[in-house]
Amino acid sequence: MKIFLIVAVTVTILGGYALSHVVSERQAAVQQSTPTNAKAETPFYCDRTALTPVQRNRQQELGKILRSSVLGIQELPGGFEFEFPSDSANYQAITEFTPLERACCPFFDISIRLDREGGKLWWQLTGREGIKQFIRAEFATWIKR
């Protein structure tokens, strides 16, 4: 009877060890496949609460100025690029508008580019899959001028 009890305890201990080893390997595999710094992606909608009423009004004013200044639009694989005259008023408007837009739409990749030797001013909005449809909807008045 003692031998049976010793065998049963040994099997239980070894079985528990084997099970814990399998569970540990599975947890390690899941951790390796999921980056620890991965963030949930923000859904495509403008967060109207990200700006104060004063900031929202200023964003709208700047949007009107910029919309009326658009010279052209380039469709890109991941978004759009808007072309503006390269003057200080447009540059100031775009650099003031960009952080406001980023606050309410954090899913955009935004770039401002000045071409050399007095060339054009470009404002680029790109992002992950589906961003072009969002830009077409939100910036429809800029695109269909």
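Rings of Phe, Tyr and Trp count as a pair if their centres lie within 6.5 Å, with the six-membered ring used for Trp. In this predicted model, ring pairs join F82, F84, F97, F107, F108, W123, F134, F139 and W142 into a cluster.

**Aromatic pairs**

- The whole structure holds 13 aromatic pairs.
- One of them is F82 with W123: the ring centres are 6.1 Å apart and the planes meet at 40°, so the pair is tilted.
- This pair links distant parts of the chain, 41 residues apart. F82 sits in strand β2 (residues 79–84), and W123 sits in strand β4 (residues 121–126).
- F82 has 0% relative accessibility, so F82 counts as buried.
- W123 also counts as buried, because its relative accessibility is 0%.

**The nonpolar core**

- In soluble globular proteins, nonpolar side chains tend to be buried together.
- Here the largest nonpolar core has 24 residues.
- The residues with the most contacts inside this core are F82, F84, F108, W123, I135, F139 and W142.
- At least two core residues come from each of α2 (53–69), β2, α3 (88–104), β4 and α4.
- Helix α3 gives the most, with five residues.

**Helix α4**

- Helix α4 spans residues 131–138, and its buried residues are I131, K132, F134 and I135.
- Seen down the axis of α4, these buried residues fall within an arc of 160°, so they line one face of the helix.
- An α-helix has 3.6 residues a turn, so residues three or four places apart point the same way.
- Q133 and A137 are exposed on the other side of α4.
- The cover over the buried residues of α4 includes β1 (72–76), β2, β4 and α5 (140–143).
- I135 touches G79, F80, F82, F108, L125, A140 and I143, leaving out residues up to four places away in sequence.

**A buried charge: E83**

- E83 belongs to strand β2.
- E83 is buried but has no salt bridge.
- The nearest side chain of opposite charge is K120, 4.3 Å away. A salt bridge needs a side-chain nitrogen of Lys or Arg within 4 Å of a carboxyl oxygen of Asp or Glu.

Conventions:
Residues numbered from 1 in each chain as written. Predicted model: local features only at pLDDT ≥ 70, side-chain atom pairs only at ≥ 80, totals over all residues. Heavy atoms only, no water. Phe/Tyr/Trp six-rings, centres within 6.5 Å; stacked < 30°, edge-to-face > 60°. Helix = DSSP H or I, 4+ residues; strand = E, 2+ residues; numbered from the N terminus. Buried < 20%, exposed > 50% of the residue type's maximum accessible area, 1.4 Å probe, protein only. Arc of directions from axis to C-beta. Contact = heavy atoms within 4.5 Å. Core = buried A, V, L, I, M, F, W, Y, C linked by side-chain atoms within 4.5 Å. Lys, Arg positive; Asp, Glu negative; His and termini not counted.
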